[in-house]
Amino acid sequence: MFDGLRRRKVDGLERSRDVAGLAELLRHDRPDMVSRAAEALSRIGGQDAVEALLAALESSHAGTRREIAVKLGEIGDRATADRLAVLLYDEDGRVGEAAARALGRIGGPGALGALVDALVDGDFQGNRAAPRDALRTIMRGHRFSTVRPRQLRHDLAGEVRQLVWAGDFDAARALLRQIADGAASVRTASGLPWGGGSYTTATAQHAAATVQRMEATALRSIAMPDVLPYSMAFEEQELIGQFATLEAFLANLPEDMEEATSPPPANEPGEGWLIEGMIRLLHSRDADCRRDAVGELRGLGGPEAIAALRERLGEENTELRRVILLALNGMDGLDSVAALGDCLTDRHWAIRLAAVAALRKIDGPETVAALHARLDDEHHEVRKAALSIAARTDGEILRKGVQDPHEEVRTRAALVAVDLDDPQWADVLAPLLTEPSRLARAWAAEGLRRWSWAGEPIQLAIAAREWDEVVEAGAAAAEPLMRMLEEIYLDNEPDKEDAMHALERLVTAHGREIPDEVLRAGADFDNFAGPWKSMPDGEDYAPIIDASGLRQACREALQHQ
């Protein structure tokens with residue numbers, strides 16, 4: 001009964017907008033009355049209600065202070081930021097957390113400054129996660145109010161591919177998000193249920209996730225430097241198909257759809273307080289705060305942000321140093337090799353990879369020299385990126401890539417050569433036709449067939465997996481096929497089984513013409529493990545490929561001779 005009376009009393013004061021009466025209830029000894037009165041004042045709003053709430057902050061009861069901080073955040077009066085800033089240091093941690101959340105809701109220069117002050121204060125005893133989250137709320141609200149959909153271009157997928165090959169995963173992800181958003185906008189603008197737009201959006205999102213896994217590989221190497229280097233080969237193979245889908249969509253984009261989305265506007269005037277706050281946050285002892293500041297400064301841009309980030313390239317935290325490097329690269333804030341400092345020779349390959357990615361935007365002889373030096377880097381991912389960039393201006397670099405000891409670098413050389421689409425590099429690619437890496441063989445074959453290369457037609461047909469064409473070549477194809485089976489193909493590789501069957505067909509059709517050494521090798525050819533397959537229970541297994549057909553055909557041919 002008494003609860004009902006108290007509730008009706010508060011309701012009556014609120015209906016009559018009796019701010020003074022509600023202010024009296026803020027000093028009530030019952031927490032529920034304080035809460036109801038504060039709630040009523042927040043709904044009434046206005047300067048009088050705010051002043052009544054601020055006056056009650058002097059209460060000795062922590063619950064009251066916390067409740068009032070929450071309601072001040074709901075009202076959103078920026079003039080209260082200074083009083084809430086004091087509460088960040090309240091002796092009761094829950095009051096400080098409530099004050100931080102309120103400042104995050106209020107936003108503005110005063111709120112941001114108070115939160116940054118706490119995060120850079122080495123003596124701050126409160127829960128640092130609260131002001132950090134509140135600061136993220138302010139910056140997220142700023143981004144949502146300024147960012148607009150991006151413009152689509154026909155060449156955007158090719159640009160993403162070049163970014164990935166150069167190791168600039170951060171910028172590649174941003175462009176993939178741009179494609180995903182743009183494809184959705186085009187579909188909406190067309191007024192048609194355009195399945196291509198939906199599929200492209202999903203493909204771009206999947207590609208962005210793939211690139212993020214590649215970046216995670218680099219980050220893991222920083223966290224666990226003593227572990228053997230991780231490979232990105234699987235992700236790269238996955239991206240090839242995704243890029244093909246994106247390029248096909250963008251290449252067929254109607255001209256009136258290319259402008260269906262618009263580029264984002266320039267930074268709003270008056271953003272100096274945001275930039276100043278983020279620059280101060282770079283000096284926080286909390287690495288997460290510094291990382292947040294780097295990301296926000298990249299989005300805000302401007303000479304002040306670039307200058308502040310360049311000063312932090314000597315950051316001791318390796319992961320953060322890499323983030324700063326990528327941010328400066330995205331802001332075009334690195335205008336010389338010297339600006340990279342020691343990043344090109346950093347002990348962590350992920351830092352060297354990010355530095356190489358930055359060289360993509362820097363011209364001059366010093367850049368060429370720096371790229372050539374990274375072609376001998378101890379880590380293959382750095383060599384791959386350097387090759388991808390350097391070959392754009394000096395195709396002779398491809399020769400070095402084709403001869404690299406690591407198969408992923410040789411594969412990248414094939415990819416870059418095909419991307420350059422210049423027949424003058426046909427002879428450079430030719431050695432890859434007998435490359436152990438199936439992907440490198442396939443890309444070399446694609447380029448050589450596109451350029452109508454006539455150097456070794458049988459070996460080219462084998463690498464291109466054109467088995468009917470191989471068999472039609474007759475007995476001359478037997479020797480190169482056997483060499484691939486014995487020396488090049490690996491177990492579990494689909495090409496090995498197909499090549500074996502092609503050789504069996506050749507022996508059956510041209511037994512007397514097949515060289516004796518091929519027949520003898522075929523007569524003793526062992527069974528081998530085929531491509532991996534998945535069982536219904538989730539287990540993988542490699543079936544044994546039966547080579548008895550080839551053995552029998554070769555033995556019969558030998559007996560006949």
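How many disulfides does the structure hold? It holds zero, where a disulfide is a pair of cysteine sulfur atoms within 2.5 Å. Keep in mind that this is a predicted model, in which local features need pLDDT of at least 70, side-chain atom pairs count only at pLDDT 80 or more, and totals for chains, interfaces and linings use all residues. Residues are numbered from 1 along each chain as its sequence is written, and side-chain values use heavy atoms, leaving out hydrogens and water.

| Residue | Relative accessible area |
|---|---|
| Cys289 | 1% |
| Cys343 | 4% |

Next come the cores. A nonpolar core is a set of buried Ala, Val, Leu, Ile, Met, Phe, Trp, Tyr and Cys residues joined through side-chain atoms within 4.5 Å. The largest one has 141 residues, and Leu84, Leu88, Val164, Leu309, Leu325 and Leu334 touch the most other members. Helix α19 (residues 349-359) gives this core its largest share, nine residues; helices are DSSP runs (H or I, at least four residues), numbered from the N terminus. A second, separate core of 33 residues includes Val470, Ala477, Val518 and Phe525.

Finally, look at α19 beside helix α20 (residues 365-374): their axes, lines fitted to C-alpha atoms over the stretch in contact, with angles from 0 to 180 degrees between N-to-C directions, come within 10 Å and cross at roughly 145°. Arg352, Val356 and Leu359 of α19 make the contact with Thr367, Ala370, Leu371 and Arg374 of α20, contact meaning heavy atoms within 4.5 Å.

Technical notes
Buried < 20%, exposed > 50% of the residue type's maximum accessible area, 1.4 Å probe, protein only. Helix = DSSP H or I, 4+ residues; strand = E, 2+ residues; numbered from the N terminus.
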